[in-house]
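User: I would like to learn how to read the features of a protein model. Please take me through one example.

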Amino acid sequence: MAVSSSSSLLLMFLVFAFAAAAPKDYLIGGKPDAWKVPSSESDSLNKWAQSVRFRIADHLIFNYETGKDSVLQVSKEDYTSCNISNPIKKYNDGKTKVRFDHSGSYYYISGEKGHCEKGQKVIVSVISPRSPSVGPVSPASAPSPGGGVEGPAVAPSPTSGGSVLQGGGVLMAVGVVAAMWVF
């Protein structure tokens, strides 16, 4: 039996939709040696983090030399003041992999004294599964000190040409119904 072009398009759409919804691993800064004191303000990890659309279940991987550095998840206040004495979580294994389990802002600083003050810190904004898939989220506009949730993450309007489809469940339901109808 020949497959119609509409069936082929539907299949390609479903494969793309499921691939886009799968959790992803992100290397901090997009490179293996990025968790360090930045050489300049333009090398800030926040610039990189603003360009990435982090979602619930995604992972962020920090690589650093064991015993010479660490990663601290901290509150917004401790991020701002570079307070390393009261972390929410402390990682010092040299290859830290954190999983985002809720939307909102996560604050990370270096646990090595003086590194945070020199710019070794990052804010990661994780969007809700119902947020449109368009444009970056600014850490300044995203909520929640210490990784908690105060409100929904702010996302740009869908007028920037992105998809306005929301939620993997809706895509799955539409795909199943369409596939049953086509076949």
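Analyst: Let us begin with strand pairing. Strand β3 and strand β6 (residues 95-99) pair in the antiparallel sense over five bridges. The model is predicted, so to speak of local features a pLDDT of at least 70 is needed, side-chain atom pairs count only at pLDDT 80 or more, and totals for chains, interfaces and linings use all residues. Residues are numbered from 1 along each chain as its sequence is written, and side-chain values use heavy atoms, with hydrogens and water left out.

User: What is meant by a strand, and when do two strands pair?

Analyst: Strands (E, at least two residues) and helices (H or I, at least four) are DSSP runs, numbered from the N terminus. Two strands pair if DSSP finds at least two bridges between them.

User: Are the faces of β3 covered or open?

Analyst: In a regular strand the side chains alternate between the two faces of the sheet. A residue is called buried under 20% relative accessible area, exposed over 50%, and partly exposed in between (1.4 Å probe, protein chains only). Both faces of β3 are covered: H59, I61 and N63 are buried on one side, and L60 and F62 on the other.

User: Which residues have the most contacts inside the largest nonpolar core?

Analyst: In soluble globular proteins, nonpolar side chains tend to be buried together. A nonpolar core is a set of buried Ala, Val, Leu, Ile, Met, Phe, Trp, Tyr and Cys residues joined through side-chain atoms within 4.5 Å. The largest one here has 21 residues, and those with the most contacts inside it are W35, F54, L60, F62, F100, Y108 and V124. At least two residues of this core come from each of α2 (45-50), β3 (59-63), β7 (104-110) and β8 (121-127). Apart from it lies another core, of eight residues, including V74, Y79, C116 and I123.

User: With which residues is V124 in contact, leaving aside its neighbours within four places in sequence?

Analyst: Contact means heavy atoms within 4.5 Å. By that rule, and with those neighbours left aside, V124 touches F54, L60, F100, G104, S105, Y106 and Y108.

User: In what order do the five strands of the open sheet lie?

Analyst: The order is β2-β8-β7-β4-β5, with mixed pairing. The edge strands, β2 (54-55) and β5 (89-91), each pair on one side only. Strands β2 and β8 run parallel and are joined by two bridges; R55 has I127 in β8 as its bridge partner.

User: How many salt bridges does the structure hold?

Analyst: A salt bridge is a side-chain nitrogen of Lys or Arg within 4 Å of a carboxyl oxygen of Asp or Glu. The structure holds two. In one, the side chains of D25 and K97 meet at 3.3 Å, N to O. This pair links distant parts of the chain, with D25 in strand β1 and K97 in strand β6, 72 residues apart. D25 is partly exposed at 46% relative accessible area, and K97 is partly exposed at 45%. K36 forms a salt bridge with D33, and their closest N and O atoms are 3.8 Å apart.

User: Is S39 buried or exposed?

Analyst: S39 is exposed, because its relative accessible area is 69%. S39 lies in the loop between β1 and α2. The C-alpha atoms of S39 and K118 are separated by 9.2 Å, although these residues are 79 apart along the chain.
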